[in-house]
Amino acid sequence: MAEAKPYEDVPEDHPYAPYIYRLTQIGLYPQDQSQFEPEKPVSRGEFVTQVVGISGMSISTQSPKFKDTQSSPYAAYIQTALELGIVQGNTRGLFHPDQAITRQEAAVIISRTAQQLLGAPTVTANLTGSQDRWAKEGVQFVVALGLYGPEVSISSSGAVDYKSKQPMLRQESSVLMYKMLGTLLH
């Protein structure tokens, strides 16, 4: 496999460089850009597209159900995830594909993907910090499997602060995707 062309803003010694460049090599990230923008939040649509893309799911040909994804470049991927029960919209039938995804939303999507596609069991982890009740199982899943990078805090007792309510940054998403591939999709 060819070496990934370096991004100007991700030097070789960047803590997330191994994850970013490996995913670039396999085609998850474009190689024709000079900037990766590692500290930019990932949008909900972009994240779902990456999960569906690396999971090898067949892409839906149905019309998008969410009113706000009809003209989105991520529409077919979001529709695929909806049909598989991996995502859901709000009560008004919206998905907000351009909104930054929170770390807890990303964890729920990863957990649901693993459960729907692989029959992964529910797991628990010693959490600290704050997450919404609806997200706790997903955050525990991601934490129990170690699908996170150096941004996560671990207390002396071993409790993990996943920083659940913060936006998922591109560099953090690269660790999550890379480790998901190695742990769940090997």
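Glu-151 and Arg-103 form a salt bridge, with their closest N and O atoms 3.1 Å apart. Glu-151 lies in the loop between helix H5 (136-144) and strand E2 (153-154) and Arg-103 in helix H4, so the pair ties together parts that are 48 residues apart in sequence. Both Glu-151 and Arg-103 are buried, where buried means under 20% relative accessible area, exposed over 50%, and partly exposed in between (1.4 Å probe, protein chains only). A salt bridge here is a side-chain nitrogen of Lys or Arg within 4 Å of a carboxyl oxygen of Asp or Glu. Helices (H or I, at least four residues) and strands (E, at least two) are DSSP runs, numbered from the N terminus.

This is a predicted model, in which local features need pLDDT of at least 70 and side-chain atom pairs count only at pLDDT 80 or more, while totals for chains, interfaces and linings use all residues. Residues are numbered from 1 along each chain as its sequence is written, and side-chain values use heavy atoms, with hydrogens and water left out.

**Salt bridges**

Side chains of opposite charge can pair when their charged atoms come close. The structure holds 6 salt bridges. The table gives three of these pairs.

| Pair | Closest N to O distance |
|---|---|
| Glu-151 and Arg-103 | 3.1 Å |
| Arg-170 and Glu-46 | 3.7 Å |

The salt bridge between Arg-170 and Glu-46 joins helix H6 (residues 170-183), which holds Arg-170, to helix H2 (residues 44-55), which holds Glu-46; the two parts are 124 residues apart in sequence. Arg-170 is buried because its relative accessible area is 9%, and Glu-46, at 16%, is also counted as buried.

Lys-165 is partly exposed, at 44% relative accessibility, and Asp-132 is partly exposed at 25%.

Arg-103 and Glu-151 also belong to a network of salt bridges that includes Glu-172.

**Helix H1**

Thr-24 sits in helix H1 (residues 17-25) and counts as buried because its relative accessibility is 0%. Beyond its neighbours within four places in sequence, Thr-24 is in contact with Ala-4, Tyr-7, Tyr-29, Pro-30 and Gln-31, contact meaning heavy atoms within 4.5 Å. Ala-17, Tyr-19, Ile-20, Tyr-21 and Leu-23 of H1 are buried along with Thr-24, and the buried residues of this helix pack against H6.

**Pocket and surface**

The largest pocket contains about 300 Å³ of space. A pocket is an open set of points on a 1 Å grid over the protein atoms alone, where a 1.4 Å probe fits, with protein on both sides within 12 Å along at least five of seven lines; lining residues have an atom within 4 Å of a point. Its lining has 15 residues, and Arg-44, Gln-88, Glu-105, Arg-112 and Trp-134 lie nearest the centre. H4 gives the most to this lining, with 4 residues.

Leu-118 is in H4 (residues 103-118) and is partly exposed, at 44% relative accessibility. Together with Leu-84 and Leu-117, Leu-118 forms a nonpolar surface patch with about 230 Å² of accessible area. Such patches are made of residues with over 30% relative accessible area and no salt bridge, nonpolar side chains (Val, Leu, Ile, Met, Phe, Trp, Tyr) being joined within 5 Å and like charges within 9 Å.

Notes. Accessible areas come from the Shrake-Rupley method with a 1.4 Å probe; for residues, only the protein chains shown count as cover. Grid points are joined across faces, edges and corners, and a volume is the space filled by probe spheres set on the points.
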